[in-house]
Amino acid sequence: MNNVLVYAEHRGGQTRKVTFEMATEARRIADALGGKALALVVGAGSAQLAEQLKNYPLDTIYVNDDADVDKFLLDPVVDYVEAAAKAAGPSLILIPNTLAGRDVAGRLVARLGAGIGADVTDFHIENGVVTCVSPKMGGALITTCALKNADYAIATIRPNAFSVAPSATGAQVQPIEKPAGKTYSAVIESDVDEESSGEMALEEAAVVVAGGRGLGGPEPFDTLLKPLAHALGGAVGASRAAADAGWVSYSLQIGQTGKTVTPSLYVAVGISGAIQHKVGMRASGTIVAINKDGAAPIAEFSDLMVVGDAFSIVPELTKLVESAKKEAVS
Amino acid sequence: MKIVVTVKLVPDPNSEKKIDPNTKRLVRTGVETVLNPYDEYALEAALQLKERAGGDATVTVFTMGPEALKETLRKALAMGADEAVMLADAALEGSDVSATSYAMAQALKKTGFDLLIVGGLTDDGSTGAVPGALAEYLGVPCITNARKAEVTGGALQVERETDSGYQTVRGPLPALLTTALTFGEPRYASLKGIMGAKKKPIAILTLSDLGLDRPVGTDGSKTQLVNFAPPPVRGKGKTIEVADATAGAHAIFDFLKEKKLV
C-alpha cells in the first residue's frame, strides 16, 4: 500500500473544506510511502471541483460527471471509488467522516477487504506502516491504530483536524470510465437542503456559536446567535435539547447523537453542558460560555464562563466584535 | 415479513470506560452489560413496522457476543421482539470492523430476513462502518439514517436525514436500514412483556454453523490497536459573575482579544 486516494464528496461541485484538508494530507502520506496522491470526483459539477483541486499537490484527479451518482443512494459512488482504487493499485483511501462518508467507507471495507481507521485526526507513517490517531468513546480515549494485512485501507477523516495548504503541482485531470455491469437499487426520489446555501458547514467552521435550552425558543437562534456568528465569521449550532424541542433542525445538533465540532472558538449560549453535548465539542480550541446558572456543568470545561443574561450580553458583544472589525478594515 | 434487528451489548454507558493495558480491549468485568441504548431506537422502528404490517410479521433480535451475556437480550424480547439469535464464539474475539461484519453477515444469511435494521450509533468503539459493510457482504441495498420508513408493495420507502437536510429514497426488499434517533423514542417493556420474554427462544450460533471462507478474530482483522491514552486535560477556566450586560460583553470581548480570536 503506497498510494493515497481522496474521495471528494460534494453537491453539484460545491464541496467542504475537508476535501482540501484531505488533498493536502494525501500528498504528505503519499510522499512518506513513496506513492502517488490521487483524487476522485463524480457526479454533477465534477469538472468544476476538479479544477479547484488542481490547486492542490495531487498527481491525478479522476473525474466523471455521471448523472446516476445523484439519482441513486451511494451505489454508483461506491462503484466508482472501488474502480479508482483498483486503477490506482494498493492504496489508502481518505473519506470525510460525514453521514454519507461513513456509509461509503463501510461498504468499501467489504468490497476491498480493507481495514478502517475511523474519525482520524492524525496519521503517523513509519517503515511503510500507516497508523491512525482517533478519539474514541466521545473523546474519552485517544487511540492509535495500525492498518495492516491488506492491500487497501480506509480512513474516515474528521473535518477541521488537518491543515489546508494549496500548491499547484500540475495534477492531471483524467476521465474515469463508468464501472460496467452494475445495477443500482436505492433510488433517490427527492433531496431537500435545509442548510441555506452560502452558510458554512458546522463541522468546519472556525467559530461556532451554539444555543441550548436557555434560549427558550426558536427565535433567539435567528435574532441573537446568527448576528454574533456572522460577526465572528462562524456558524450556528445547537444542543440536543434545542433540536429535540424543534427549535432548530437536527443538522445543527452538536453532541454524541449529533455532530462533532472542533472550531478554534466555541461560544455556548444557554447550554448547561451535559456529557451528551460535551463529547461533541470538548476538543474546541477556546470555549466561552454564557449562562444564567453559575453551577452549570459547562463551567467545568470552559475557558471563560460568564454568569449573566445572554439576551442582553450577546447583542452588546456582537456590536463590540463588529466595531472591532470595522476598525481593523479602516 | 421477517424483520431482523441487530443490537450490540455494551458496558453500561453511565459507567467509566477502561481499557485493559495488556489486551488493549475494553474492560467488561465488574461493569453491567446493557443493550446499546441507540439500538433500542432500531428495535422500536422494527416493532412499529411489524405492527403496521400485521399478519405474520415477526421481529428477531440478533447480536454477536459472548454467550454469557445472552440474558441481556431478554430486554429486547420484553419490549416486543419475538425471538433472539446470538452468534457466540471465542474465535471472534478481537474482530475488527471487517471481520465482525463478515461474520455477522454469514450468520444473518443463515437466519434470513426481509428487512434488516441496524442501530446507527454505538456508545463504545464506534466507527459507523458496520452497516455499510454488512449490506455489501449481504448484497442488499443500504439505506441509512431513516426518520420514517414504510413497507409498501415489497419495497421500502424511507425518509432519511442527510448532512444538509433530508431525502426520500425507495429500494427493494430485502434491504438494510439504519434509523436516526428521530424515528421515535423506544417504548418501555410492559409487565406482560417482561413475563412473556422469559419463555421466548434465544438461539445460539457458533462459527461451525456458518462455514466461513476467511479468518475472523484477531487473525482476520486488518487493524491493530497499538496505543491509547486519555486526551489532554482541559482545566477549568475562569467563572465570572457580571453586574450588567455591558460588563459581560466587555469581559468576553477582552478575553477574545487577549486570545487573538477577534
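Trainee: Let's start with a strand pair: over how many bridges do S9(A) and S10(A) pair?
Mentor: Keep in mind that this is a predicted model. S9(A) and S10(A) run antiparallel to each other. The number of bridges between S9(A) and S10(A) is six.

Trainee: Which strand of chain B is joined to S10(A) by bridges?
Mentor: Look across to chain B, where a strand covering residues 223–229 runs antiparallel to S10(A). Six bridges link the two, and B:Thr223 is the bridge partner of A:Leu147. The strand of chain B is S12(B).

Trainee: Which strands stand at the edges of the open sheet that holds these strands?
Mentor: The open sheet has four strands in the order S8(A)-S9(A)-S10(A)-S12(B), with antiparallel pairing. Each edge strand has a single partner strand, so one side of it is left without a neighbour in the sheet. From one strand to the next, the twist averages 25°. The edge strands are S8(A), residues 122–126, and S12(B).

Trainee: How many residues lie between S8(B) and S9(B) in their hairpin?
Mentor: S8(B), residues 155–161, pairs with S9(B) over seven bridges in the antiparallel sense. Among the paired residues, B:Glu161 has B:Tyr166 in S9(B) as its partner. The number of residues between the two strands of the hairpin is three.

Trainee: Stepping back to the two chains, which element supplies the largest share of the side of chain A that touches chain B?
Mentor: In total, 73 residues of chain A are in contact with 67 residues of chain B. Elements that each supply at least two residues of the chain A side include S7(A), S10(A), S13(A) and H8(A). That side divides into 37 nonpolar, 20 polar and 16 charged residues. The largest share, ten residues, comes from H4(A).

Trainee: Now for chain B itself: what percentage of its residues count as buried?
Mentor: Chain B has six helices and 13 strands, and its C-alpha trace spans about 65 × 45 × 40 Å along the principal axes. Among contacts between residues at least 6 apart in sequence, 70% join residues at least 24 apart. Of the 262 residues in chain B, the buried share is 45%.

Trainee: Are H3(B) and H4(B) parallel or oblique to each other?
Mentor: H3(B) covers residues 97–111 and H4(B) residues 130–138. Their axes come within 9 Å and cross at roughly 50°, and H3(B) passes H4(B) in a right-handed crossing. The two helices are therefore oblique.

Trainee: Which residues of H4(B) meet H3(B)?
Mentor: On the H3(B) side, the residues include B:Val97, B:Tyr102, B:Met104 and B:Leu108. Counting both helices, the contact divides into ten nonpolar, three polar and one charged. On the H4(B) side, the residues are B:Val130, B:Ala133, B:Leu134, B:Tyr137 and B:Leu138.

Definitions and conventions. Residues are numbered from 1 along each chain as its sequence is written. Chains are lettered from A and ligands numbered from 1 in the order in which they are written. This is a predicted model: local features need pLDDT of at least 70, side-chain atom pairs count only at pLDDT 80 or more; totals for chains, interfaces and linings use all residues. Two residues are in contact if their C-beta atoms, placed from the backbone, lie within 7 Å. Ala, Val, Leu, Ile, Met, Phe, Trp, Tyr, Cys and Pro count as nonpolar, Asp, Glu, Lys and Arg as charged, and the others, Gly among them, as polar. Two strands pair if DSSP finds at least two bridges between them. A residue is buried if 20 or more other C-beta atoms lie within 10 Å of its own, exposed if 12 or fewer, and partly exposed in between; C-beta atoms are placed from the backbone. Axes are lines fitted to C-alpha atoms, for helices over the stretch in contact, and angles run from 0 to 180 degrees between N-to-C directions. Angles under 35 degrees count as roughly parallel, over 145 as roughly antiparallel, 65 to 115 as roughly perpendicular and the rest as oblique. A crossing is left-handed if the near helix is turned anticlockwise from the far one by less than a right angle, and right-handed if clockwise.
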